[in-house]
Amino acid sequence: MFDFKGKTAIVTGGTRGIGLAVSRILFGSGANVVASYSSNRKAAERLEAECPGILTVSGDLGDESTAVSLIDSAFERFNTIDVLINNAGIWNYLTAGSFQVEVWDHMIRNNLRSVYLVTDYLISRWLKDGTKGRIVHVASTAGQRGEAEHAHYAATKGAIISYTKSLSSELAPKGIITNCVAPGWVDTEMNTDVFADSGKEKVAAGIPLGRVPSAEEIAWPIVFLASELASAISGEILNVNGGSVLCG
Ligand code: NAD
């Protein structure tokens with residue numbers, strides 16, 4: 001369906017969940033894929049075996065040197081980078097009034113600082129070499145409408161939405177296209193505990209579509225936004241949440 005032959009794509013959090021589905025689709029569409037992950041080496045090895053030639057890179061992208069070295073190692077292996085999928089993220093609880101500053105700071109570092117570090121360093125390289133690259137961020141319905149007991153997570157995702165729009169305004173004139181996908185509930189390991197506690201059916205009942213989308217159903221629209229088929233779309237927040245949110 002998509003043609004990424006000769007292109008190189010970085011997928012952060014690319015060995016699990018939505019990111020894994022994106023890595024597989026991009027690889028199957030001919031791209032050189034660089035998949036980052038935080039710690040599970042076994043999952044990375046499985047992906048390397050499934051997609052020969054793929055580069056997997058471990059480390060916490062909230063750390064500046066790790067983020068820079070992800071980009072540098074992708075350039076070193078494949079010479080160019082054409083696509084960045086900012087997918088890595090975590091989700092946990094923070095009750096308002098519990099004053100857990102370390103939980104807040106960890107979320108900002110993990111879900112927002114990491115995005116800035118990877119993206120801005122890559123943009124600096126693109127502006128030097130003239131690459132007309134594509135960036136797709138993965139936000140969340142939480143960033144659009146807020147989420148009780150997850151204000152810190154929602155704050156990072158809302159920031160990613162604003163960041164998408166700002167980069168679009170600044171960089172589209174230079175040929176760098178930035179877009180964003182906003183999933184709601186997705187059937188991934190991120191939600192294992194919620195599905196075990198509440199039941200997937202109860203979660204599904206709150207989604208107009210009536211079911212929880214799969215990782216692949218989020219991945220295809222992400223890849224679409226990174227593809228030539230979306231060449232006139234910039235600054236878009238694409239809802240991929242079964243109708244849970246009706247504005248971008
Ligand atoms: P997941 O937990 O299955 O996978 C997340 C991946 O990100 C893992 O591979 C992990 O290693 C990586 N990662 C996390 N923090 C990292 C860091 N600091 N450095 C490097 N890698 C890091 O999650 P998922 O469900 O596939 O979610 C992917 C994205 O989609 C996240 O940004 C998440 O917020 C967003 N999202 C998910 C849902 C959902 O219901 N699953 C809903 C809305 C948005």
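I listed the contacts of Thr 156 (heavy atoms within 4.5 Å). Leaving out residues up to four places away in sequence, Thr 156 touches Met 107, Ile 108, Asn 111 and Leu 112. This is a predicted model: local features need pLDDT of at least 70, side-chain atom pairs count only at pLDDT 80 or more, and totals for chains, interfaces and linings use all residues. Residues are numbered from 1 along each chain as its sequence is written, and side-chain values use heavy atoms, with hydrogens and water left out.

I placed Thr 156 in helix H6, residues 151-171. Helices (H or I, at least four residues) and strands (E, at least two) are DSSP runs, numbered from the N terminus. Thr 156 counts as buried because its relative accessibility is 0%. Buried means under 20% relative accessible area, with a 1.4 Å probe and protein chains only. I then checked its side chain: a polar atom of Thr 156 lies 2.6 Å from the backbone oxygen of Tyr 153.

Next I turned to strand E4, residues 83-86.

I looked up the pairing (at least two DSSP bridges between two strands). E4 pairs in the parallel sense with strand E1 (residues 8-11) over three bridges. Leu 84 in E4 is the bridge partner of Ile 10. E4 also pairs in the parallel sense with strand E5 (residues 134-138), over four bridges. Here Val 83 stands opposite Arg 134 in E5.

How values were computed
Buried means under 20% relative accessible area, exposed over 50%, partly exposed in between (1.4 Å probe, protein chains only). A polar contact is a pair of N or O atoms within 3.5 Å; within protein, one must be able to donate a hydrogen and the other to accept it, and residues adjacent in sequence count only if both atoms are side-chain atoms.
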